[in-house]
Amino acid sequence: MLKLPSPIQSVTFRNHQIYIKRDDLIHKDFSGNKARKFHYFLGHEFAGISKLISYGSSQSNAMYSLSVLAKMRGWEFEYYVDHLSLYLEQNPQGNYKKALQNSMQLHIAKPPKDIEPNTLFIEEGGRIQESSYGIYKLAQEIANWMEQNHMQSLHIFLPSGTGTTALFLAKYFTINNINAKVFTTPCVGGKEYLAKQFGMLESSSQYHPTILESDYKHHFGKLYKQEYQMWLELKDTLNIEFDLLYDPYGWIVMMEHIQTLNSSPLLYIHQGGIIGNESMLPRYERKYKQ
Ligand SMILES: *Cc1c(COP(=O)(O)O)cnc(C)c1O
């Protein structure tokens with residue numbers, strides 16, 4: 001059902017060779033790092049489970065991916081948000097629209113504290129230990145590729161939300177003595193917030209990825225002209241569509257640190273999520289399109 005291992009492609013961007021791990025191609029609906037994080041729930045038996053509950057924002061990639069997972073497994077899906085904008089309610093689009101089409105039941109309330117025995121509860125954004133199952137598979141694919149290509153060392157870059165993907169990648173390489181170093185940047189919150197997120201999943205900082213930042217402050221979900229330009233440049237020169245919430249900032253930070261990062265072969269992880277562009281792109285076009 002999932003197309004694994006996902007391909008790795010070599011591109012030239014602004015005269016630098018960069019490899020791209022195309023996790024966006026894993027599955028048309030269940031793609032990117034959400035497919036990795038929720039892989040565990042696809043491949044295991046859950047006796048007596050008939051319902052999935054999670055919470056977070058009304059446009060999140062995780063919400064949509066969980067609706068796909070629930071549909072694949074024949075589970076009900078209840079999702080809790082603390083608010084829903086009138087605009088989105090009246091104009092369903094992007095992840096929200098597609099999750100509703102997958103029979104998501106939306107509640108504008110706090111998620112329940114007591115979970116019934118027939119229910120699986122998944123933390124916001126998939127920040128859970130079970131995510132390591134699929135992310136370790138991603139790490140294994142990368143390690144196999146390094147070996148096939150006789151690579152002695154590798155630098156990996158990916159932008160973070162909860163930091164779950166970056167953390168478990170880094171942990172796998174450290175545990176298994178693989179010379180691949182993981183770099184990331186916070187797209188939600190700042191450096192301290194991200195470090196705290198790492199700590200919630202893994203207390204030992206020897207397993208934590210290296211955090212890089214740009215010199216401008218990035219607020220999640222806000223529009224930045226330079227990010228829109230980066231997104232367009234990537235689309236035009238590489239012919240690859242990236243997501244608009246995480247990737248443009250990720251590429252900007254990566255290019256700002258390219259001298260350090262390029263001291264080993266460099267791999268960027270495309271974490272999917274382009275369904276969210278359906279709502280982000282019109283916002284960008286209204287603001288900046290000439
Ligand atoms: C969810 C998501 C992220 C953030 O992943 P974390 O594991 O929470 O850091 C990054 N990029 C895309 C496209 C996503 O959908």
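Modeller: Start with Q271, whose side chain reaches the backbone oxygen of P159 at 3.0 Å. Keep in mind that this is a predicted model.

Colleague: Where is Q271 found?

Modeller: In the loop between β10 (266–270) and α12 (277–288).

Colleague: Why is Q271 called buried?

Modeller: Its relative accessible area is 10%. Buried means under 20%. Q271 is therefore buried.

Colleague: What makes the pair of Q271 and N33 a polar contact?

Modeller: Their side chains come to 2.9 Å. The cut-off for a pair of N or O atoms is 3.5 Å. The value lies within 3.5 Å, so the pair counts as a polar contact.

Colleague: Which residues does Q271 touch, leaving out those up to four places away in sequence?

Modeller: G32, N33, L158, P159 and T165.

Colleague: Now the ligand. Which residues are closest to the ligand?

Modeller: K34, N61, G161, T162 and T165 are the closest, out of 15 residues that surround the ligand.

Colleague: How much of the ligand does the protein bury?

Modeller: Taken alone, the ligand exposes 380 Å², and the protein buries 98% of that.

Colleague: Which elements supply at least two residues of the shell around the ligand?

Modeller: α1 (32–37), β7 (154–160) and α7 (164–175) each do. The largest share, three residues, comes from α1. By class, the shell has two nonpolar, ten polar and three charged residues.

Colleague: On to charge pairs. How many salt bridges does a search of the whole structure find?

Modeller: Nine. Side chains of opposite charge can pair when their charged atoms come close.

Colleague: Why is the pair of R22 and D24 called a salt bridge?

Modeller: The side chains meet at 2.9 Å, N to O. The cut-off is 4 Å between a side-chain nitrogen of Lys or Arg and a carboxyl oxygen of Asp or Glu. The pair is within 4 Å, so the name applies.

Colleague: How do you know whether R22 and D24 are buried or exposed?

Modeller: R22 has 12% relative accessibility, and D24 has a relative accessible area of 15%. Both values are under 20%, so both residues count as buried.

Colleague: What about R36 and D23?

Modeller: Their side chains meet in a salt bridge at 2.8 Å, N to O. R36 is in helix α1, while D23 is in the loop between β2 (16–22) and α1, 13 residues apart. R36 has a relative accessible area of 1%, and D23 also has 1%. Under 20% means buried, so both are buried.

Colleague: What makes R36 and E141 a link between parts of the chain?

Modeller: R36 forms a salt bridge with E141, with the closest N and O atoms 2.9 Å apart. R36 lies in helix α1 and E141 in helix α6 (residues 131–148), so the pair ties together parts that are 105 residues apart in sequence. Both R36 and E141 are buried.

Colleague: Which residues do shared partners join into one network?

Modeller: K21, D23, R36 and E141, through salt bridges that share partners.

Definitions and conventions
Residues numbered from 1 in each chain as written. Predicted model: local features only at pLDDT ≥ 70, side-chain atom pairs only at ≥ 80, totals over all residues. Heavy atoms only, no water. Near = heavy atom within 4 Å. Areas by Shrake-Rupley, 256 points an atom, 1.4 Å probe, with all protein chains shown as cover. Helix = DSSP H or I, 4+ residues; strand = E, 2+ residues; numbered from the N terminus. Nonpolar A, V, L, I, M, F, W, Y, C, P; charged D, E, K, R; others polar. Buried < 20%, exposed > 50% of the residue type's maximum accessible area, 1.4 Å probe, protein only. Polar contact = N/O pair within 3.5 Å; in protein donor to acceptor, adjacent residues only side chain to side chain. Contact = heavy atoms within 4.5 Å.
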